[in-house]
Amino acid sequence: MAGSRGRGRSQFSFSVDALGFGRGDSLPSSAHTPSPLYPPMQFRPVPLHTGEEVDYMLALKQELRASSKNLPFHIQAARTKTDVARYSDKYQNGETKNNCIEWSPDWSRMPKELCIKVRKPRKTVIGAKPQLTRKPKVAAGKEEALQKLEKREEEQHSEEEEDEEKKKQNEEEPDADEDYDEEELEDETDYIMSYFDNGEDFGADSEDNMDEAVY
Amino acid sequence: MTAQEVRLCGLLLQEHFGNVVEKVGTHLIRSGVLNLRALAHETKLPLDLVKKSLCVLVQHGMCTFGAGRRGPAGPVEYRINCEHVFHMLRYPRYIYTAKSLYGDTGELIVEEILQRGQMTMSSTVKTVADRLTHNMPEGQSMDYSEVVSVFSQLVETHFLQRCPPLASAGSSSSGAVDTPLPVATQPTEPENHPDCYKLPYINLTGQGKRRRSSEDGEADQLRYYDCDDDCGDDGIYWQVNFQRFHLHFRDQAIISAVSCKLDQSSSEIVRTMLRMSEVTTPAHAAFTQALSANEIFRALLSSYNIARPILDQYLSLLVDDPMEFVGKTGDSGGGMYVVNLHRALANLARATLESVVQERFGSRSARIFRLLLRKRHLEQKQVEDFAMIPAKEAKDMLYKLLSENLVQLQEIPKTPDYAPSRTFYLYTVNQLPTARLLLQNCYKTVGNLIERRLYETKENKRLLEKSQRIEAILASLQATGAEAAQLTEVEEMITVPERQQLESLRHHINKLDSSENQVDETIFLLKSYINSTQASH
């Protein structure tokens, strides 16, 4: 270190100008702040690929994303009951419960400890199935009449749950008829299911800049 | 797992399976291996929710379980397979490939199996037949046998495979030896099972049913329950063979590279060679089986119209090409040729790296980068001379590349003390670490794209919901035949500036989605290259 000063005196393997600053100049200023979050780009990025294949895969991706929200694999935590048990709870849509699984896996392929009660579809639906086969003609007539009366309210409620399908092949027919039919006949009540809406959802949506007047 | 990989896994799980599964999955990735109780305790979620999430993850093959550290007597331990989670990004590409190879039926089969993780053959056939019937004009329906034949083709070409059977965990089978669960660290490979690609015999005849309006919207769920009418293939589940798809993508990449570099006919020759060695080449082989020129000539499709001497010329051109796609290993049979798979992947990865540097730093920096790749170690003076770039600019570019970690500095001391006056400083580029660095950048990019898309959707949530509602109303109005005045009245509920906002939102989301798909192609290429270098060691 301190020794051997005599040999190879000041023979650097790189020339001083190659460093970028001359002898005696001050060092380049050090940075006081972190580098900017969005530094200005020197070169613009290359445009994306285009073409039929790209468009088809894009449509596929969006459609897969939308449909995966409807599959039973999309798990949501059950909403904890807030205050009082209400009569309308009996007629609410079967909310997901934590201790039931909505699809039936093959338990022999899973560890035993994961076994959880499989949620049977509502008894009313299975019970309603033979009724549906007997009553389609009657229901059809009733359907037409009732539809014209209460179409808009009903479909707004049931189609809020529909997702948009962008894929060219699968064009979904509106599910309004099916939902309507099922809800009407379920539990043999005379009321439409939205009658039992206990108003908890009112005001839950964002209320800023609502164009429609609220009565 | 790097931080970016964990973040991306979390975003993908959230997109497909919701917040609960995301929480469980991310925690399990970070912890490595955990058992059920520990997982529930640490994530502070109710035990049932954790059970449900694990069921979902196991169903989709993303989580494996096995006997833990305490042996078969102890609790079962779970681990997440991150690679499998990343495959979710590539689902559209798999489905599109199936469509291009096997038509709409193949596309729907692969889509169904991808979405549900594992399925039996009979339930797949029924679901796909129903979906196809749904889209057919009234009166026609899809026969099950057609779907079965496409399914068989997919299995024969190994795109679908049976799920590996589980060793029974201390089951009560009398007389059988109690085989313990395999240790969680070594999952059973599906290929080790001899019946991996054997089709079960099922008695399934019939046609797809059209969904009538009287069926309720839970038809899908019901199908899970009444599909117990035994078709003879109970307990045999099929999954998508991702490795086979990846081999196919790799072949496609090589063929398109050859057609870009040389010409269409040479790419057809390489395509033929790859097709011939599809079944005989093992997955991680460095090159295909040797094929003689005579065999290649016989296997060439007549539509390509390549004469024998032309074929020989093309083959010698391919062998002499510096990219080294094809190599000559012998002279018998008119010349024995192989496709150098690993070398081709390395060259493709190198081309990707060079193009990244070019697009981010300019063509002169790219020239320096290529120079360093070729010449390995150079001093600063030599870089300036070889690249023919003035000293100041070369220094600037080198330092910029150095700060981005694309170029490394190697010190070679002349004396044991690393005195700067007596040390050589050499610039160098190592392809493999640089590829890994870029791969992490790609993961970060996709994570950013997804987050931005979620942000955009959340900002305009109200507008999107309103437009969905309006479209639903319109659709139902049209279905029941309303007058044009009513339709226009409903359409006008969305104002013009809102329409513009919606349009620009859709445009942005399409762009972000499309970018994700494109970045995924780069991820695939870099990952294949990195895996190929590991396999050869």
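How many salt bridges does a search of the whole structure find over all chains? The search finds 27. The model is predicted.

**View 1. Domain 1 of chain B against domain 2 of chain B.** The domain assignment places domain 1 at 3-80 and domain 2 at 83-240. Their contact takes 21 residues from domain 1 and 19 residues from domain 2. About 1700 Å² is buried between the two, with 73% of that area from carbon and sulfur atoms. Salt bridges between these domains number 0. Polar contact links 3 residue pairs across the interface. On the domain 1 side, α1 (3-17), α4 (47-59), β2 (63-68) and β3 (71-80) each supply at least two residues. The largest share, 7 residues, comes from α1(B). This side divides into 12 nonpolar, 6 polar and 3 charged residues.

**View 2. The salt bridge of B:Glu107 and B:Lys99.** The N to O distance is 3.6 Å. B:Glu107 is buried, at 0% relative accessible area. B:Lys99 is partly exposed, at 22%.

**View 3. The salt bridge of B:Lys261 and B:Asp321.** These side chains meet at 3.4 Å, N to O. B:Lys261 lies in helix α10 (residues 242-261) and B:Asp321 in the loop between α13 (308-320) and β8 (326-330), so the pair ties together parts 60 residues apart in sequence. B:Lys261 is partly exposed, at 41% relative accessible area. B:Asp321 is buried, at 10%.

View 4. B:Arg350 pairs with B:Glu354, their closest N and O atoms 3.2 Å apart. Both lie in α14 (residues 341-361), 4 residues apart, about one turn of the helix. B:Arg350 counts as partly exposed at 23% relative accessibility. B:Glu354 counts as buried at 13%.

**View 5. A network of salt bridges.** The network links A:Lys61, A:Arg65, B:Glu15, B:Arg453, B:Asp513 and B:Glu516.

How values were computed: Residues numbered from 1 in each chain as written. Chains lettered and ligands numbered in written order. Predicted model: local features only at pLDDT ≥ 70, side-chain atom pairs only at ≥ 80, totals over all residues. Heavy atoms only, no water. Domains from an automatic or database assignment. Contact = heavy atoms within 4.5 Å. Buried area = accessible area lost by both parts, 1.4 Å probe. Salt bridge = Lys/Arg side-chain N within 4 Å of Asp/Glu carboxyl O. Polar contact = N/O pair within 3.5 Å; in protein donor to acceptor, adjacent residues only side chain to side chain. Nonpolar A, V, L, I, M, F, W, Y, C, P; charged D, E, K, R; others polar. Buried < 20%, exposed > 50% of the residue type's maximum accessible area, 1.4 Å probe, protein only.
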